[in-house]
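This briefing goes with the sequence and the structure shown below. It begins with a single loop residue and then widens to the sheet, the core and the chain as a whole.

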Amino acid sequence: QVQVVESGGGLVQPGGSLRLSCAASGFTFSAYVMSWYRQAPGKERELVARITTAGELINYADSVKGRFTISRDNNKNTVYLEMNSLKPEDTAVYYCNARRLYGLGPQALWGQGTQVTVSS
């Protein structure tokens, strides 16, 4: 089945940490740029972090720089988002996105999202 599936969300106190995972299947993971987006209630979906096919280029939203780290394991077909020093404003549904850079397969895929809630 061609899909990306997020996991690892939950409720955490301000200052805490979470690690999100996105497991890919059914396509050539190493040919895809992987990104994490988030959408808070009443707001537009925004890019959080992006990593190129071999991890050679990484971009972060200014709001998460120095706190979040994106990484990927092409042997496990998984991309991660390590989130530290979490703030209430990080509360959102976090989505994994795959975008094909080369080769064959679907042009883009979205996961179903995982809820992250930062609250005391």
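In this predicted model, asparagine 77 counts as partly exposed because its relative accessibility is 26%, which falls between the 20% limit for buried and the 50% limit for exposed residues. The residue lies in the loop between strand 7 and strand 8, and its phi is near 55°, a positive value in a residue other than glycine. Most residues other than glycine have a negative phi.

**Loops with a positive phi**

- The hairpin of strand 7 and strand 8 has four residues between the strands, and asparagine 77 takes its positive phi within this hairpin.
- Serine 85, which is not a glycine either, has a positive phi of about 50°, and this residue is placed in the loop between strand 8 and strand 9.
- With a relative accessible area of 41%, serine 85 is partly exposed.

- Four strands form an open sheet in the order 1-3-8-7, with antiparallel pairing; the edges are strand 1 (3-7) and strand 7 (68-73), each of which pairs on one side only.
- Neighbouring strands of this sheet are turned by 15° against each other on average, when direction is ignored.
- Strand 1 pairs with strand 3 (residues 18-25) in the antiparallel sense over five bridges, and glutamate 6 stands opposite cysteine 22 in strand 3.
- Strand 7 and strand 8 run antiparallel and are joined by six bridges, with serine 71 standing opposite tyrosine 80 in strand 8.
- In a regular strand the side chains alternate between the two faces of the sheet.
- Strand 7 has a covered face made of Phe68, Ile70 and Arg72, whereas Thr69, Ser71 and Asp73 make up its uncovered face.

**The nonpolar core**

- In soluble globular proteins, nonpolar side chains tend to be buried together.
- The largest nonpolar core holds 31 residues, of which Val4, Met34, Trp36, Val79, Leu81, Met83 and Tyr94 touch the most other members.
- At least two residues of this core come from each of strand 3, strand 4 (32-39), strand 5 (46-51), strand 7, strand 8 (78-83), strand 9 (92-100) and strand 11 (114-118).
- Leucine 81, which has its place in strand 8, counts as buried because its relative accessibility is 0%.
- Although leucine 81 and leucine 18 are 63 residues apart in sequence, their C-alpha atoms are 8.2 Å apart in space.
- Methionine 83, with neighbours within four places in sequence left aside, is in contact with Gly16, Ser17, Leu18, Leu20, Arg67, Phe68, Tyr94 and Val116.

**The chain as a whole**

- The chain has 11 strands and zero helices.
- A compact globule of 120 residues would have a radius of gyration near 14 Å, and the chain, at 14 Å, agrees with that expectation.
- Taken along the principal axes, the C-alpha atoms fill a box of roughly 45 × 25 × 25 Å.
- Buried residues make up 42% of the 120 residues, and the accessible surface comes to about 6,200 Å², of which 48% belongs to carbon and sulfur atoms.
- Among the contacts with a separation of 6 or more, 55% are between residues 24 or more positions apart.

Terms used: Residues numbered from 1 in each chain as written. Predicted model: local features only at pLDDT ≥ 70, side-chain atom pairs only at ≥ 80, totals over all residues. Heavy atoms only, no water. Pairing = 2+ DSSP bridges. Axes fitted to C-alpha atoms, helices over the stretch in contact; angles between N-to-C directions. Rg over C-alpha atoms; globule rule 2.2 N^0.38 Å. Buried < 20%, exposed > 50% of the residue type's maximum accessible area, 1.4 Å probe, protein only. Contact = heavy atoms within 4.5 Å. Areas by Shrake-Rupley, 256 points an atom, 1.4 Å probe, with all protein chains shown as cover. Core = buried A, V, L, I, M, F, W, Y, C linked by side-chain atoms within 4.5 Å.
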